[in-house]
Amino acid sequence: MKLVAVAVLAFVLAGCGGGRAHGTATLWVTRGEGATVLYTGAVPAGLTAMQALDRVQKIATRYGGRYVQSIGGVSGSLTNERDWFYFVNGVEEGVGATEVRLHPGDVEWWDYRSWAHGQMSVPVVVGAWPKPVFGNVTVTGVQPAARELGAALQANGGANRVLVTAQPVVFHGAKTGGHFTFWISARDAVRLAKNPKLARHRYEGLWNG
């Protein structure tokens, strides 16, 4: 009975003690779809996205602590149609930040932007590239650019897809079910293969450089 009690206690503590994990995640805070970077830093893995944000930023919440109203004094506004939105590894989670727990290597990104003109939901962005496709992707299209980008992504014929086109398309992605498809021009594919940071903090497209 003593062993059972100890096991139950360990289970309870694990469930309410913050979900500790080894390693760190990365947290970004930006404005204007990544145009202005307000904060970048490391946070412990195992925290929820809300706990990680609260650890390094002054925040205000609503709805019982489930919704972020302001970060660093910058508050959401119904009148101005602006709010804080977040992604983990470039993916819109679709649930509150209290429900998402960070794993080692994750990128948690909060961005303050307009949601006017149907911009409320953005399911996937390129800013945390090569997440979410690294090591689980098929790269096809214009050669040798597709081959070069595929090597950089350790492409293995996975369910996610990157389509390299001859047209000057803006680098962007879409989510269908649990999989992702990204479109990129051959020129940008070569640039991105050499320097993944060109996509950092972007919703779509690459920085010049």
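Of the 209 residues in the chain of this predicted model, 41% are buried, a class that means under 20% relative accessible area, with exposed standing for over 50% and partly exposed for anything in between (1.4 Å probe, protein chains only). Residues are numbered from 1 along each chain as its sequence is written, and side-chain values use heavy atoms, with hydrogens and water left out. Because the model is predicted, local features need pLDDT of at least 70 and side-chain atom pairs count only at pLDDT 80 or more, while totals for chains, interfaces and linings use all residues.

The chain has four helices and 12 strands; helices (H or I, at least four residues) and strands (E, at least two) are DSSP runs, numbered from the N terminus. Its accessible surface comes to about 11200 Å², and carbon and sulfur atoms hold 56% of that area; such areas come from the Shrake-Rupley method with a 1.4 Å probe, and for residues only the protein chains shown count as cover. Among contacts with a separation of 6 or more, 52% join residues 24 or more positions apart, where contact means heavy atoms within 4.5 Å.

Beyond its neighbours within four places in sequence, Ser70 is in contact with Lys58, Ile59, Ala60, Ser75 and Trp84. Ile71 is also placed in S4, and its relative accessibility of 2% makes Ile71 buried. With neighbours within four places again left aside, the contacts of Ile71 are Val29, Leu53, Gln57, Lys58, Ile59, Trp84 and Trp110.

Next come the open spaces. The largest pocket has a volume of about 320 Å³. On a 1 Å grid over the protein atoms alone, a pocket is an open set of points with protein on both sides within 12 Å along at least five of seven lines, and lining residues have an atom within 4 Å of a point; grid points are joined across faces, edges and corners, and the volume is the space filled by probe spheres set on the points. The largest pocket is lined by 17 residues, and Tyr67, Trp84, Phe85, Tyr86 and Val95 are the closest to its centre. Strands S4 (67–71) and S6 (82–88) each supply at least two lining residues, and S6 gives the most, with five. By class, the lining holds 11 nonpolar, two polar and four charged residues; Ala, Val, Leu, Ile, Met, Phe, Trp, Tyr, Cys and Pro count as nonpolar, Asp, Glu, Lys and Arg as charged, and the others, Gly among them, as polar.

Aromatic rings complete the picture. The whole structure contains 10 aromatic pairs, defined as rings of Phe, Tyr and Trp (its six-membered ring) with centres within 6.5 Å, called stacked if the planes are under 30 degrees apart, edge-to-face if over 60 and tilted otherwise. Tyr63 and Tyr67 form an edge-to-face pair, because their ring centres are 5.8 Å apart and their planes stand at 70°. Tyr63 is exposed, at 52% relative accessibility, whereas Tyr67 is partly exposed, at 27%. Trp84 and Tyr112 make a tilted pair, with centres 5.1 Å apart and planes at 50°. Since Trp84 lies in strand S6 and Tyr112 in strand S8 (residues 107–114), this pair ties together parts that are 28 residues apart in sequence. Trp84 is buried at 5% relative accessibility, and Tyr112 is buried at 7%. Elsewhere, ring pairs link Trp28, Phe87, Trp109 and Tyr203 into a cluster.

Technical notes:
On a 1 Å grid over the protein atoms alone, a cavity is a set of points where a 1.4 Å probe fits but cannot get out, and a pocket is an open set with protein on both sides within 12 Å along at least five of seven lines; lining residues have an atom within 4 Å of a point.
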